[in-house]
Amino acid sequence: MNTQVKLAIIAITVTIPLISYAVFSSDSNQFKKTNESKLQVISSFYPLQEFSQRVGQEKVDTKLLVPIGIEPHDWEPTIKDIQQMQKSDLIIINGIGFESWLDKLSEINYNGIVVDTSLGVLKNSHGSSMSLNHNGKSNDPHIWLNPVFAKTQVQNIANAFSNSDPQNQQYYQENAANYIYELDLLDSKIHTELSGCNHNFIAFHDSFSYFADEYDLTQHTIISSYAPHVEPTAKTLENVINKARDLDLKIIFTEETADPKTSEVIANEIGGKILVLSPIEIGNNETYISKMTENLNNLKEALC
């Protein structure tokens, strides 16, 4: 092999890694799909998986990161999960601190796009992002339970898909518009059917703050944290029982992943019963809209 050939081979082996680094180390928002393959999309938990699928349909491959039936609040990715994330083009997250594992992406030098669907959701009167929720509490993450906020999340996903795959921009935007119309109908239904009803309800944990704000309700909770597996103290139960009696409430809400015994104790003390008010954090065979409709029906039974 002559000297010129050797030099050419060395130049190629050096140049290729440098080109790859330049492509994947650039601003992640500039990522563009470069071939005919589908966008590889990972959604952090169930509602975002459905939102992504409705927007992308057959143009994207969507995968759910937190397994079906697993509570996402305390979930941590395995090595296999991290490897799966490395292969994705986009990771769709809720934001506002919901994904406690997010720092791991910087540790593994993730090269794709992280789509924070909370962007633009929480605004104060001056149009700047809020760092606190409506009660002054830090970063309540349950924005998807307000259909108005869910519409913004869907639009953020559509914009991210459009930026990464501009050839199909119209497709993504039309799908998003169709789904947002369905969310508009859901929003109108909730407003109409809860209008004129009582305002106070006792949820299991503090997950319906934004929903309550949107529909002029007042949420009280058994568990104040975001972890439904936390056991309330005897004093907490006593306080909730007294609150229910003061407000003349006869229905206490529980969740799919919570032990219903806690809510049952309170319901028995007030001569009431329990119903499910789902934070829609775990997947099943139902859709976001059908689960929200179930929540509405249970709230109507409690309040109307």
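**Figure 1. The whole chain.** Residues 24 or more positions apart account for 62% of the contacts with a separation of 6 or more. A contact means heavy atoms within 4.5 Å. This is a predicted model, in which local features need pLDDT of at least 70 and side-chain atom pairs count only at pLDDT 80 or more, while totals for chains, interfaces and linings use all residues. Residues are numbered from 1 along each chain as its sequence is written, and side-chain values use heavy atoms, with hydrogens and water left out. The chain holds 10 helices and eight strands. Both are DSSP runs numbered from the N terminus: helices are H or I with at least four residues, strands are E with at least two. Of the 304 residues, 45% are buried. Buried means under 20% relative accessible area, exposed means over 50%, and partly exposed lies in between (1.4 Å probe, protein chains only).

Figure 2. The strands pair in parallel, in the order 2-1-3-4. Two strands pair if DSSP finds at least two bridges between them. Strand 2 (60-64) and strand 4 (113-116) are at the edges with a single partner strand each, so one side of each has no neighbour in the sheet. Neighbouring strands are turned by 25° against each other on average, direction ignored. Helix 2 (residues 46-56) packs on this sheet and touches strand 1 (39-43), strand 2 and strand 3. The direction of helix 2 makes about 170° with that of strand 2. Such angles run from 0 to 180 degrees between N-to-C directions, with axes fitted as lines to C-alpha atoms, for helices over the stretch in contact.

**Figure 3. Strand 3 and its partners.** Three bridges join strand 1 to strand 3, and the two run parallel. Val41 stands opposite Leu90 in strand 3. Toward strand 4, Leu90 has Ile113 as its bridge partner. Strand 3 (residues 90-93) and strand 4 pair in the parallel sense over four bridges. Ile93 stands opposite Asp116 in strand 4. Which residues cover the two faces of strand 3? Leu90 and Ile92 lie on one side, Ile91 and Ile93 on the other, and all are buried.

**Figure 4. Ser162 in helix 5.** Ser162 sits in helix 5 (residues 147-164). Is Ser162 buried or exposed? Ser162 counts as buried because its relative accessibility is 5%. A polar atom of the Ser162 side chain lies 2.8 Å from the backbone oxygen of Ala158. The side chains of Ser162 and Gln173 make a polar contact of 3.0 Å. A polar contact is a pair of N or O atoms within 3.5 Å; within protein, one must be able to donate a hydrogen and the other to accept it, and residues adjacent in sequence count only if both atoms are side-chain atoms.

**Figure 5. Salt bridges across the chain.** The structure holds 10 salt bridges. Each is a side-chain nitrogen of Lys or Arg within 4 Å of a carboxyl oxygen of Asp or Glu. Glu182 and Arg54 meet at 2.6 Å, N to O. Glu182 is in helix 6 (residues 169-194) and Arg54 in helix 2, 128 residues apart. Glu193 pairs with Lys300, with the closest N and O atoms 2.7 Å apart. Here helix 6 holds Glu193 and helix 10 (residues 288-303) holds Lys300.

**Figure 6. A salt-bridge network.** Lys291 forms a salt bridge with Glu256, the closest N and O atoms being 3.1 Å apart. Lys291 lies in helix 10 and Glu256 in the loop between strand 7 (251-254) and helix 9 (261-270), so the pair ties together parts 35 residues apart in sequence. Salt bridges that share partners join Glu256, Glu286, Lys291 and Glu294 into one network.
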